[in-house]
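Welcome! Open your viewer, get ready to select a few things, and follow along stop by stop.

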There are 2 protein chains.
Amino acid sequence: MVRLFILWIGLVLSVGSASAQTLTTEMPNPETGRAVSEHATVKSKRIGIVVFPEFETLDVFGPIQMWGRLPDHEVVLVAQKAGPVRSAQGVEAVATYSFENAPQFDILMVPGGIGTRQEVNNQEILDFVRKQDQGTTLTTSVCTGAAILAKAGLLDGHKATTNKLAFSWATSQSNKVNWVGHARWVEDGKYITSSGVSAGTDMSLAVVEKVYGREAADRSASFAEYTWNDKADHDPFAVDAGPGSKK
Amino acid sequence: MVRLFILWIGLVLSVGSASAQTLTTEMPNPETGRAVSEHATVKSKRIGIVVFPEFETLDVFGPIQMWGRLPDHEVVLVAQKAGPVRSAQGVEAVATYSFENAPQFDILMVPGGIGTRQEVNNQEILDFVRKQDQGTTLTTSVCTGAAILAKAGLLDGHKATTNKLAFSWATSQSNKVNWVGHARWVEDGKYITSSGVSAGTDMSLAVVEKVYGREAADRSASFAEYTWNDKADHDPFAVDAGPGSKK
């Protein structure tokens with residue numbers, strides 16, 4: 001039964017995407033469900049994740065896990081300067097693009113971390129996310145990444161959420177946002193903001209569902225043996241967002 | 001209340017470790033709960049995570065999230081050659097150490113990913129984990145990382161688990177292991193092996209509990225707004241391990 005299930009998953013993944021420029025026909029690997037020749041597949045769309053010194057590790061890599069095998073979206077890291085960028089947990093990831101040479105992304109994601117305390121005052125990153133946002137279909141954030149989007153003015157007039165342990169600081173970056181204190185993630189138009197750290201993984205699966213459908217999101221979760229908190233309003237870490245705000 | 005809770009968490013983190021060589025006294029940052037001068041703290045112990053081409057992203061970065069702020073354990077990446085190593089999701093992480101110049105680690109962790117198909121036949125990595133294992137207090141794995149430990153002979157006579165979608169392949173690497181098909185993770189002596197991908201995050205919190213106690217593990221989870229599956233035998237992705245094996 002398990003083998004049949006794996007085979008079924010693999011076949012769905014191999015032939016399920018009509019929008020990938022090159023469809024692969026090889027049998028999928030049982031661990032990953034992807035065809036062996038995946039690296040030869042040209043992906044037509046890009047998800048760009050912005051990294052900066054002291055970004056929060058799981059904010060970035062939870063979504064990468066869930067977005068890393070989509071049929072026609074490639075995930076790339078971008079930073080002010082291309083090259084290694086150190087996370088708050090002390091491990092370096094490599095940004096492929098700089099702000100200067102980055103292509104237009106279809107989906108933008110800004111993570112949080114203690115580094116956001118510097119970045120909300122960094123005009124380069126604020127300009128970059130403003131410019132990218134003009135061409136994205138979705139602009140997303142995890143944790144205090146919402147503080148950067150808010151400071152850039154992108155969330156003006158929108159509902160949004162952020163890290164619950166840093167809620168006061170993050171929400172102080174803009175009083176033009178309708179901050180939501182009780183939400184695992186919030187979707188408002190093309191803006192999808194998540195609560196702290198691991199909430200980003202749940203949000204990233206909601207993005208998969210939005211773009212590729214529920215079965216694809218469930219597959220991404222199952223491959224990672226991940227129990228998805230799939231309800232945007234189920235928030236075990238909720239806080240009081242204050243008078244006038246959505247709870 | 002939330003602020004008081006944060007203050008309490010921070011104070012516990014700041015003064016809770018008698019074994020760190022340098023104790024910090026600054027007030028903690030509310031987002032991270034760590035003292036501002038953390039980078040100046042000399043950590044006396046190391047957790048070494050082995051990376052190789054096509055490692056599975058969350059296998060590595062879920063545990064790094066949970067281990068990245070322990071008072072006296074630094075987390076480092078090690079690979080056959082130091083430098084950037086590409087994950088199965090296409091993003092590069094930087095290995096600080098090579099097999100040749102790596103120090104003895106206190107805790108070793110081997111992740112999974114499609115790259116393990118090559119690595120089980122790589123004498124360099126098998127020799128490296130065997131050598132490290134002689135000096136570790138804990139030797140751990142996530143996902144098909146257990147296949148590497150098994151092939152190296154380290155799990156002979158022990159109970160262990162691995163990725164459930166790749167269970168047949170991984171367990172075929174050694175018939176001297178008592179493979180467990182129903183387990184989020186398995187602890188047997190100093191060997192702690194977890195099931196697939198996100199199970200590693202749950203296992204990493206069990207390691208925090210083992211070394212620093214339950215409160216520290218709960219704090220690591222709460223900081224990441226993570227709902228910990230804290231029961232080793234609660235496995236939503238269990239498989240039949242076959243006759244003679246523990247279920």
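Start by selecting helix 2 and helix 7 of chain A: helix 2 passes helix 7 in a right-handed crossing. Keep in mind as you look that this is a predicted model. Helix 2 covers residues 57–67 of chain A and helix 7 covers residues 199–212, and the two pack at an angle of about 30° with their axes 8 Å apart. Angles under 35 degrees count as roughly parallel, and therefore helix 2 and helix 7 of chain A are described that way.

Now show the side chains where these helices meet. From helix 2 of chain A, pick A:Asp59, A:Gly62, A:Pro63, A:Met66 and A:Trp67; they meet A:Gly200, A:Thr201, A:Ser204, A:Leu205 and A:Val208 of helix 7. Coloured by class, this contact has 5 nonpolar, 4 polar and 1 charged residues.

Next, bring chain B into view. Here 45 residues of chain A are in contact with 45 residues of chain B. On the chain A side, the elements giving two or more residues are helix 1 (2–15), helix 2, strand 2 (73–79) and strand 4 (92–95). Your first stop returns here: helix 2 of chain A gives the most to this side, with 6 residues. By class, the side of chain A that touches chain B has 25 nonpolar, 15 polar and 5 charged residues.

Last stop: the symmetry. How is chain A laid on chain B? A turn of 180° with a shift of 0.0 Å along the axis does it, with an RMSD of 0.0 Å. That is the relation of a two-fold axis. To find the axis, select A:Ala93, the residue of chain A that comes closest to it, at 2.2 Å (C-alpha). Finally, 100% of the interface residues of chain A are also interface residues in chain B, so the copies meet through the same surface.

Key: Residues numbered from 1 in each chain as written. Chains lettered and ligands numbered in written order. Predicted model: local features only at pLDDT ≥ 70, side-chain atom pairs only at ≥ 80, totals over all residues. Least-squares fit on C-alpha atoms with pLDDT ≥ 70 in both. Contact = placed C-beta atoms within 7 Å. Axes fitted to C-alpha atoms, helices over the stretch in contact; angles between N-to-C directions. Helix = DSSP H or I, 4+ residues; strand = E, 2+ residues; numbered from the N terminus. Parallel < 35°, antiparallel > 145°, perpendicular 65-115°, else oblique. Left-handed = near helix turned anticlockwise from the far one by under 90°. Nonpolar A, V, L, I, M, F, W, Y, C, P; charged D, E, K, R; others polar.
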